[in-house]
Amino acid sequence: MDLKNLTLHEKVCQMMVVKANPVKHIKQYGSIKNFMEKYPVGGVFICNEMIYDKTFTVDKIREAVSEYQKYSKVPLLVAADSETSSKFLSDEFTTLPPCMALGSAGDKALAYDYGKAIAKECTSVGVNWAFAPVCDLIINRYNEIVRTRSITDDPDIAAEMLSEEIRGFQENGMLTTGKHFPGDGCDVRNQHIVGSVNNLSKEEWMNTFGKVYKAVFSAGLSAVMVGHISVPAFQNDAENGVYPPATLSRDVMHLLKETLGFKGVALTDAMDMGGFVRWKYPRRQAEVEAFKAGLDMMLWPREETADLIEQGIESGEIPMSRLDDAIERIAFLKSKLEPFGFAPIEDETKSAFSRGVAEKLAASSSTLANNSLNVIPVKAKEIKKVRIITSTEIFLSTRDGADKLSEFIAEKFREHGAETEIKKEWDVYLEDFEAGEIDRDYDLIVYCAFSSSALPMPGRELVNLHSAQRFDNDKTVVMVIGTPHYITEYFPTAETVIHTYPDERCLADAVDGIYGDKPFLGKIPIRI
């Protein structure tokens with residue numbers, strides 16, 4: 001795709017990825033046509049403002065995307081956070097188990113189909129650019145935001161599985177974006193809120209994140225999302241001992257483009273995140289500085305930033321060569337989509353295929369982590385009453401989801417003929433077991449610890465779960481649902497432990513596994 005004949009303003013706007021918000025753009029500019037004429041951006045992002053407006057059905061999203069494409073002089077990149085599914089776009093689409101389930105399953109063909117499944121659904125509404133896959137490694141077990149978004153902590157396994165996932169996306173009409181360079185998963189800090197640090201040495205980095213990125217570049221990765229993360233081992237630009245985020249660091253861009261030889265687009269993570277805005281510059285200057293540092297496209301910049309960069313180039317403050325490099329990379333990125341076209345690709349088989357992938361992954365990823373007392377498989381005729389003790393993290397959204405999934409688990413036990421009871425308050429750790437004060441009217445007690453991608457669960461609920469390691473071990477099952485780190489963090493002496501993921505298909509297979517109806521085929525994908 002040739003972008004050389006665009007005007008200076010058009011070239012600068014190609015670097016911008018803004019939120020696709022028809023309501024805002026029509027209100028502010030009169031029409032989407034007027035907006036695209038004033039700021040002929042290179043890409044739009046399907047944003048929360050659109051998705052959470054329930055009037056935006058699949059058809060409405062498709063219509064909105066088509067409207068932006070219609071008035072774009074250069075075909076648009078249409079992006080979405082497609083890490084695990086297209087479900088966030090619409091309830092009509094399919095949710096896949098989290099990326100770490102691929103590490104549990106260890107199936108390269110399934111990794112390919114994972115990318116293909118997401119691509120088939122996303123492209124049906126015109127979304128052609130995935131902000132995925134997550135190339136981070138969960139090196140620090142207390143990292144707040146990576147957790148099950150990462151396939152594994154093993155760079156060799158990650159390199160292999162991610163390469164297949166990328167091919168699955170890109171051979172089915174959807175560009176990919178490895179994130180979050182130079183690598184999240186080392187720090188406990190959350191770059192959405194404050195600056196984060198990848199504190200590995202050069203040798204450690206090259207043998208972990210460096211190995212992963214070299215592999216995904218070879219697999220044809222289209223773009224890299226640069227995080228608001230510093231990597232001091234490769235930076236010489238500290239000020240008063242503080243390193244700027246990678247999005248403002250020429251040193252990190254040299255690592256990406258020169259040392260590693262990446263030829264695709266370097267995209268910023270969202271420019272409204274705390275890890276970016278906390279640096280010394282006012283935001284209007286910071287966004288210009290990110291471009292000067294070597295970033296090719298910007299995610300959610302202020303629209304006026306295009307005018308400021310244009311002024312900087314005209315004044316000579318910013319060399320034209322910087323813009324030429326960015327435009328060449330953007331043109332190459334868009335050229336990858338030309339064989340597929342930029343219009344929505346309707347495929348009647350898309351959801352059936354995606355559901356099949358979800359079911360296969362669920363069946364392959366649940367793990368029997370410990371069965372030292374041979375509690376599993378249980379005998380259905382002996383399990384008349386099941387007590388489920390549930391606990392989750394402090395965030396209300398996770399808590400609401402855990403309540404629904406706990407009821408789902410209970411229903412699966414009922415389908416096997418058991419009477420079930422769900423309890424959240426379970427203070428038997430305070431009771432004297434020998435005194436007989438504990439209500440033991442159950443044949444199986446299942447402790448469900450839900451953990452997704454947030455901080456450890458609050459203390460009170462956690463203490464309740466100590467009971468899983470105190471008594472009736474011969475009829476106790478612990479289910480760690482989410483990050484496997486909870487096994488060693490909270491259940492180090494539990495004798496019957498299952499690890500699975502917060503997905504109904506995974507949970508159904510885990511219950512079937514308890515009864516011996518299905519084998520546990522997964523493995524723990526990280527060192528715990």
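**Group meeting: a pocket, a sheet and some ring pairs**

I'll start with the second largest pocket: its lining residues divide into three nonpolar, three polar and eight charged. Keep in mind that this is a predicted model. The space in this pocket is about 240 Å³. Of the 14 lining residues, those closest to the centre are Lys24, Trp300, Pro301, Arg302 and Glu303. Two elements, β1 (16-20) and α2 (22-29), each give two or more residues to the lining, and α2 gives the most, with three. Trp300 also has a charge over its ring: the charged end of Lys19 sits there, 4.3 Å from the ring centre.

Next, the sheet. Five strands make an open sheet in the order β4-β3-β2-β1-β10, with parallel pairing. Its edges are β4 (129-130) and β10 (298-299). Between β1 and β2 (residues 43-46) there are four bridges, and Ala20 has Ile46 in β2 as its bridge partner.

Now the rings. There are 13 aromatic pairs in the structure. One of them, Phe45 with Phe131, is stacked, at 5.6 Å centre to centre and 15° between the planes. Phe45 is in strand β2 and Phe131 is in the loop between β4 and α8 (155-170), so this pair ties together parts 86 residues apart in sequence. Phe45 counts as buried at 5% relative accessibility, and Phe131 counts as buried at 0%.

Trp205 and Phe234 pair edge-to-face, 5.3 Å centre to centre with 70° between the planes. Trp205 is in helix α9 (residues 202-207) and Phe234 in the loop between β8 (229-230) and α11 (250-259), so that pair joins parts 29 residues apart in sequence. Both residues belong to a cluster linked by ring pairs, which also includes Phe181, Tyr213, Phe217 and Phe262.

Notes. Residues are numbered from 1 along each chain as its sequence is written. This is a predicted model: local features need pLDDT of at least 70, side-chain atom pairs count only at pLDDT 80 or more; totals for chains, interfaces and linings use all residues. Side-chain values use heavy atoms; hydrogens and water are left out. On a 1 Å grid over the protein atoms alone, a cavity is a set of points where a 1.4 Å probe fits but cannot get out, and a pocket is an open set with protein on both sides within 12 Å along at least five of seven lines; lining residues have an atom within 4 Å of a point. Grid points are joined across faces, edges and corners, and a volume is the space filled by probe spheres set on the points. Ala, Val, Leu, Ile, Met, Phe, Trp, Tyr, Cys and Pro count as nonpolar, Asp, Glu, Lys and Arg as charged, and the others, Gly among them, as polar. Two strands pair if DSSP finds at least two bridges between them. Rings of Phe, Tyr and Trp (its six-membered ring) pair if their centres lie within 6.5 Å; planes under 30 degrees apart count as stacked, over 60 as edge-to-face and the rest as tilted. Buried means under 20% relative accessible area, exposed over 50%, partly exposed in between (1.4 Å probe, protein chains only). A charge sits over a ring if NZ of Lys or CZ of Arg is within 6 Å of the ring centre and within 35 degrees of the ring normal.
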